[in-house]
Amino acid sequence: MSDPLPRFTAAERAVHWAVAVLMTVCIATAAILYNGSLAVLVGHRHVVEQVHVWCGFALPVPMLLGAVSAAYRTDVRRLNRFTSADRDWLRSKDRRSGRIRVGKFNAGQKLNAALSAGATLVLLGTGTLMWFTGLVRLSWRTGATLMHDWTALALGLLVLGHLAYALRDTEALRGMWSGRVSVHWANREHAAWADEVDPG
Amino acid sequence: MPERPERTEQSELDGTPVGRRVVLGLLGLGAIGVVTGSAVQHGLSRALAPLQMRDPTGLSQLVPIGNTFRYYSVAGGVDHQDATSYSLKVSGLVHTPSTYTLADLQALPQIAMTRDFHCVTGWYVDDVAWTGVRLSHLLDLASPTLEAAAIRFRSFDGVYTENMTLEQARADDVIVALTMEGDPVTHNHGGPVRVYAASMYGYKSTKWLSEIELTANNIPGYWEDRGYPLDGFIGE
């Protein structure tokens with residue numbers, strides 16, 4: 001009956017999908033570089049390395065460009081800020097019941113955003129130390145390799161979790177694809193936000 | 001009714017900046033990990049590397065717990081070579097060029113050494129046992145001419161090359177390796193025959209060795225062309 005609600009602007013969606021493509025390439029090339037059987041099977045180590053490194057360096061670029069969009073900046077702020085309702089949501093056993101009225105993002109999405117952003121920066125930093133071998137001494141490069149491996153594993157799991165939630169909720173996926181979501185979905189999953197965009 | 005949405009909006013935009021703290025916290029942990037990780041990994045690897053190297057499933061390799069080999073190959077698929085097909089050429093500026101089969105190499109005096117394997121990117125494996133023919137012995141047999149000043153190693157992957165000065169190549173700890181950890185060097189580790197230069201980073205230790213060419217100049221090899229140091233001594 002009611003029109004769908006605008007959830008993400010074109011700029012936000014462009015940032016999301018650009019990061020998604022770069023992240024996918026990074027993960028695929030990481031698997032080849034890291035797994036011995038794949039590495040020997042695919043070979044061409046230098047090319048794979050180049051693709052991995054440059055997609056990695058490019059990963060933050062869409063996010064930085066997104067900062068020119070006011071809507072993007074506002075959503076980053078929303079993800080950054082945890083309210084008392086977010087803490088209740090994380091602690092409660094009935095967080096999906098709708099009892100706690102969730103804003104545009106639930107506390108799980110906020111945590112995922114923070115952990116993904118932090119992990120991406122750690123990967124960027126440690127990757128830089130590994131790539132430019134003259135920057136720091138050998139023992140720090142060893143430490144950087146260890147951190148890069150563990151952080152990559154953790155971020156890979158976060159990405160898998162993100163995908164699992166997205167694929168389970170096609171309306172959420174539609175929100176990131178077309179920018180709009182149904183009022184029904186918004187009221188169920190993000191009631192406080194639904195009231196905010198459509199007080200009627 | 002308009003009360004509630006307004007209050008909600010304010011609270012979502014003005015909560016505690018937990019996200020920022022998480023990001024900064026992870027960056028701090030990452031920095032500590034970079035500085036102390038080598039020592040931590042050293043302890044872990046002592047305990048776990050033997051397990052990983054003997055894990056027939058290879059699954060433990062998916063978890064970055066300790067120091068294990070990463071398998072680098074710069075070409076596409078590399079053909080497998082064995083005792084019947086393998087040959088090593090010693091060529092270039094020498095008085096007696098020759099070609100060795102695997103059996104020829106095995107018949108030469110073998111030396112054993114147990115040393116760490118260091119990759120320039122930072123990973124390393126402790127105490128790897130190697131045996132093989134000292135490169136200096138092969139060079140003596142070939143008798144380099146006066147113009148010979150350097151070595152160019154080639155790989156039967158068809159792409160990889162490496163360089164060393166003649167002086168570096170004559171060092172006692174540079175061998176043409178035939179076994180690793182008591183068994184013939186496997187294909188993934190660059191077998192049946194590879195170089196192992198103990199004092200140098202792994203990229204100097206050419207895998208799938210097919211030719212040792214003596215040259216007048218120290219011609220940069222594959223990774224040297226891509227920015228790695230020409231000498232490649234560990235720690236430099």
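This is a predicted model: local features need pLDDT of at least 70, side-chain atom pairs count only at pLDDT 80 or more; totals for chains, interfaces and linings use all residues.
1. Local features are described only where pLDDT is at least 70. Side-chain atom pairs count only at pLDDT 80 or more. Totals for chains and interfaces use all residues.

2. **H1(A) and Val21(A).** Helix H1 of chain A spans residues 10–34. Val21(A) sits in this helix. Is Val21(A) partly exposed or buried? It has 13 C-beta neighbours inside 10 Å, so Val21(A) counts as partly exposed. Along the chain, Val21(A) and Leu33(A) are separated by 12 residues. In space their C-alpha atoms are 18 Å apart.

3. **H1(A) against H5(A).** Helix H5 of chain A covers residues 70–80. Its axis and that of H1(A) come within 8 Å, crossing at roughly 65 degrees. H1(A) is therefore roughly perpendicular to H5(A). The range for that class is 65 to 115 degrees. The crossing of H1(A) past H5(A) is right-handed. From H1(A), the contact uses Ala11(A), Glu12(A) and Val15(A). From H5(A), it uses Ala71(A), Tyr72(A) and Asp75(A). By class, the residues of this contact are 4 nonpolar and 2 charged, with no polar ones.

4. **H7(A) against H8(A).** Helix H7 of chain A runs over residues 107–131, and helix H8 of chain A over residues 138–168. Their axes lie 8 Å apart, and the packing angle is about 150 degrees. H7(A) and H8(A) are therefore roughly antiparallel. The cut-off for that class is over 145 degrees. H7(A) passes H8(A) in a left-handed crossing.

5. **Residues between H7(A) and H8(A).** On the H7(A) side, the contact residues include Asn112(A), Leu115(A), Ala119(A), Leu123(A), Gly127(A) and Met130(A). On the H8(A) side, they include Trp140(A), Arg141(A), Ala144(A), His148(A), Leu155(A) and His162(A). The contact of H7(A) with H8(A) divides into 13 nonpolar, 9 polar and 1 charged.

6. **Chain B overall.** Chain B has 6 helices and 10 strands. It contains 236 residues, of which 41% count as buried. Consider contacts in chain B between residues at least 6 apart in sequence. Of these, 63% join residues at least 24 apart.

7. **The sheet in chain B.** Five strands form an open sheet in the order E2-E1-E10-E5-E6 (chain B). Pairing is mixed. Which strands are at the edges? Strand E2 (98–101) and strand E6 (161–165) of chain B are the edge strands, each pairing on one side only. On average, neighbouring strands of the sheet are turned by 15 degrees against each other, direction ignored.

8. **E1(B) with E10(B).** Strand E1 of chain B takes in residues 87–92, and strand E10 of chain B residues 209–215. The two run parallel and are joined by 4 bridges. Within this pairing, Lys89(B) has Glu211(B) in E10(B) as its bridge partner.

9. **Contact between the chains.** Chain A puts 51 residues into the contact, and chain B puts in 47 residues. On the chain B side, helix H1 (3–13) and helix H2 (18–53) each supply at least two residues. H2(B) gives the most to that side, with 15 residues. The side of chain B that touches chain A has 20 nonpolar, 20 polar and 7 charged residues.

Key:
Residues are numbered from 1 along each chain as its sequence is written. Chains are lettered from A and ligands numbered from 1 in the order in which they are written. A residue is buried if 20 or more other C-beta atoms lie within 10 Å of its own, exposed if 12 or fewer, and partly exposed in between; C-beta atoms are placed from the backbone. Two residues are in contact if their C-beta atoms, placed from the backbone, lie within 7 Å. Ala, Val, Leu, Ile, Met, Phe, Trp, Tyr, Cys and Pro count as nonpolar, Asp, Glu, Lys and Arg as charged, and the others, Gly among them, as polar. Axes are lines fitted to C-alpha atoms, for helices over the stretch in contact, and angles run from 0 to 180 degrees between N-to-C directions. Angles under 35 degrees count as roughly parallel, over 145 as roughly antiparallel, 65 to 115 as roughly perpendicular and the rest as oblique. A crossing is left-handed if the near helix is turned anticlockwise from the far one by less than a right angle, and right-handed if clockwise. Two strands pair if DSSP finds at least two bridges between them.
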